[in-house]
Amino acid sequence: MLERRVDVLPELFAALGHCLAMPGIGFAVAVALGGPLGVLLFLSGDGRPPGRTVDAIRSVPFIILLVVLVPLTRQAAGGSIVPLTIAAVPLFARLVEQALRAVPRGVIEAARAMGASDLQVVTRVLFVEARAGLVLALAIVAIIFLSPGT
């Protein structure tokens with residue numbers, strides 16, 4: 001009986017690795033693509049093509065996205081990682097945009113008055129001032145990936 005349990009351990013560890021890899025990879029891709037997209041949404045303003053594209057993807061119900069992406073999912077990885085990641089990227093982008101919009105306008109204007117470039121305003125002012133909102137956005141996306149309801 002003990003031998004059967006020992007024989008199952010490699011399969012159990014492999015399955016555990018797959019269970020951890022799927023949300024981990026999806027979360028990493030969502031953050032890597034959604035973060036810069038959120039900054040782009042903030043910099044481009046409301047009503048621009050990036051914002052409309054993000055809104056279009058976010059408005060599609062997940063089950064429809066899941067069905068539409070079945071061929072891509074089968075080729076890429078299997079499971080629901082591809083549609084979940086595609087749904088999480090615009091969500092994280094909008095959360096990043098909201099966190100950046102919460103930064104007081106006066107702080108941005110003060111940085112510009114001191115001669116900060118656009119890149120410096122984003123990296124040294126916006127990211128620092130919006131740190132709490134960005135951490136909250138990361139937590140929300142992590143919970144979405146780890147929740148059993150998705």
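Which residues line the largest pocket?

**View 1. The largest pocket and its lining in a predicted model.** Ten names answer the opening question. Phe-42, Leu-43, Arg-101, Arg-105 and Ile-108 line the largest pocket, together with Arg-112, Asp-118, Val-121, Val-122 and Leu-126. Helix H1 (2–44), helix H6 (105–113) and helix H7 (118–129) are the elements that each give two or more residues to this lining. H7 supplies the largest share, four residues. Sorted by class, the lining holds six nonpolar and four charged residues, with no polar ones. The volume of the largest pocket is about 150 Å³.

**View 2. Helices H6 and H7 in contact.** The axes of H6 and H7 cross at roughly 145° and come within 10 Å. The crossing of H6 past H7 is right-handed. From H6, the contact uses Val-107, Ile-108, Ala-111 and Arg-112. Facing them in H7 are Asp-118, Val-121, Val-125, Leu-126 and Glu-129. The contact has six nonpolar and three charged residues, and no polar ones. Ile-108 and Arg-112 of H6 take part in this contact and also line the largest pocket.

**View 3. Helices H5 and H8 packed together.** Helix H5 covers residues 81–101, and helix H8 covers residues 131–146. Their axes lie 9 Å apart, at an angle of about 160°. H5 is therefore roughly antiparallel to H8. H5 passes H8 in a right-handed crossing. On the H5 side, the contact includes Leu-84, Thr-85, Ala-88, Leu-91, Phe-92, Leu-95, Val-96 and Ala-99. On the H8 side are Gly-133, Leu-134, Ala-137, Leu-138, Ile-140, Val-141, Ile-144 and Phe-145. By class, 14 residues of this contact are nonpolar and two are polar, while no charged residue takes part.

**View 4. Helix H2 against helix H5.** Helix H2 (residues 49–59) packs on H5 at an angle of about 130°, and the two axes are 9 Å apart. This angle makes H2 oblique to H5. The crossing of H2 past H5 is left-handed. Gly-51, Val-54, Asp-55, Ile-57 and Arg-58 are the H2 residues in contact. They meet Ile-86, Pro-90, Leu-91 and Arg-94 of H5. Five nonpolar, one polar and three charged residues make up this contact.

Methods
Residues numbered from 1 in each chain as written. Predicted model: local features only at pLDDT ≥ 70, side-chain atom pairs only at ≥ 80, totals over all residues. Heavy atoms only, no water. 1 Å grid on protein atoms, 1.4 Å probe; cavity = no way out; pocket = protein on both sides within 12 Å on 5 of 7 lines; lining within 4 Å. Points joined across faces, edges and corners; volume = space filled by probe spheres on them. Nonpolar A, V, L, I, M, F, W, Y, C, P; charged D, E, K, R; others polar. Axes fitted to C-alpha atoms, helices over the stretch in contact; angles between N-to-C directions. Parallel < 35°, antiparallel > 145°, perpendicular 65-115°, else oblique. Left-handed = near helix turned anticlockwise from the far one by under 90°. Contact = heavy atoms within 4.5 Å.
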